[in-house]
Amino acid sequence: ARLVVESKSFDYGVVCGSEHQLVVDATVREPFLAALQTCGAAVLTPEEVSRFTERAFDPNTRHLRRGFVGQSAEHIARATGVEKRDPPVRLLVAPVSLDAIEGPYGREKLAPVLSLFTLDGEEEGLAACKKLLDNEGLGHTAIIHTRSPKLVERFGSEISASRVLVNAG
């Protein structure tokens with residue numbers, strides 16, 4: 001969680017090789033969300049996700065509105081109706097359903113904003129990662145955080161990316 005917050009909040013998320021989505025196994029979802037919040041992320045409620053979606057994304061391009069690119073999470077939160085949190089927010093995380101992969105949540109977001117998809121197991125997780133790369137980013141960068149060398153090897157061999165980062169932002 002610390003590495004994700006640091007990576008995506010650095011330079012307000014304009015580094016294209018940083019995380020744009022989180023694909024999280026259901027077995028670790030709740031402790032991971034708690035750790036994200038401890039590290040400075042605001043995990044949006046379903047109501048906040050709805051408001052955020054309406055205000056943050058251009059419906060024609062399915063991308064983050066230009067005025068939010070490279071802006072702070074605090075600025076984006078205020079402008080989109082996300083409740084203020086203490087301490088100041090460094091990253092906005094929108095938990096969304098898997099069907100949101102086709103929309104703006106499955107695309108690059110050059111700001112301290114991440115979508116979070118929850119899956120059950122390696123097969124579903126890898127399938128979601130492949131679909132996300134097909135949307136936007138095929139051949140660029142993929143990042144995995146795991147303690148399993150076997151999963152790292154599988155991820156590296158199955159994911160079509162020229163750079164695969166392991167346990168690093």
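Student: Is phenylalanine 57 buried or exposed, and what is its relative accessible area?
Tutor: Happy to start there; this is a predicted model, in which local features need pLDDT of at least 70, side-chain atom pairs count only at pLDDT 80 or more, and totals for chains, interfaces and linings use all residues. Residues are numbered from 1 along each chain as its sequence is written, and side-chain values use heavy atoms, leaving out hydrogens and water. Buried means under 20% relative accessible area, exposed over 50% and partly exposed in between, with a 1.4 Å probe and protein chains only. Phenylalanine 57 is buried, and its relative accessible area is 4%.

Student: Why does the pair of phenylalanine 52 and phenylalanine 57 count as edge-to-face?
Tutor: Rings of Phe, Tyr and Trp (its six-membered ring) pair if their centres lie within 6.5 Å, with planes under 30 degrees apart stacked, over 60 edge-to-face and the rest tilted. That rule gives a count of 2 aromatic pairs. For phenylalanine 52 and phenylalanine 57, the ring centres are 5.8 Å apart and the planes stand at 85 degrees, so the pair is edge-to-face.

Student: Which residues do ring pairs link into a cluster?
Tutor: Phenylalanine 57 also pairs with tyrosine 105, their ring centres being 5.0 Å apart and their planes at 75 degrees, so this pair is edge-to-face. Phenylalanine 52 counts as buried at 0% relative accessibility, and tyrosine 105 counts as buried at 4%. The cluster linked by ring pairs is Phe52, Phe57 and Tyr105.

Student: How many residues apart in sequence are the parts that phenylalanine 57 and tyrosine 105 tie together?
Tutor: Helices (H or I, at least four residues) and strands (E, at least two) are DSSP runs, numbered from the N terminus. Phenylalanine 57 lies in strand 3 (residues 57–58), while tyrosine 105 is in the loop between strand 5 and strand 6, so the parts they tie together are apart in sequence by 48 residues.

Student: Which residues have the most contacts inside the largest nonpolar core?
Tutor: A nonpolar core is a set of buried Ala, Val, Leu, Ile, Met, Phe, Trp, Tyr and Cys residues joined through side-chain atoms within 4.5 Å. The elements giving two or more residues to the largest one are helix 3 (46–56), helix 4 (73–80), strand 5 (91–95), strand 6 (113–119) and helix 5. This core has 25 residues, and those with the most contacts inside it are Leu44, Phe52, Ile76, Leu92, Val96, Tyr105 and Phe117.

Student: What does alanine 56 contact, leaving aside its neighbours within four places in sequence?
Tutor: Alanine 56 sits in helix 3 and counts as buried at 0% relative accessibility. Its C-alpha atom is 7.4 Å from that of phenylalanine 68, 12 residues apart along the chain. With contact meaning heavy atoms within 4.5 Å, the residues that alanine 56 contacts are His63, Leu64, Arg65, Phe68 and Thr80.

Student: Which residues of helix 1 are buried?
Tutor: Their cover includes strand 1, helix 2, strand 2 (41–43), strand 5 and strand 6. The buried residues of helix 1 are Val4, Val5, Ser7, Lys8 and Ser9.

Student: And just after helix 1, what phi does aspartate 11 take?
Tutor: Look just past the end of helix 1 for this one. The phi of aspartate 11 is positive, at about 55 degrees.
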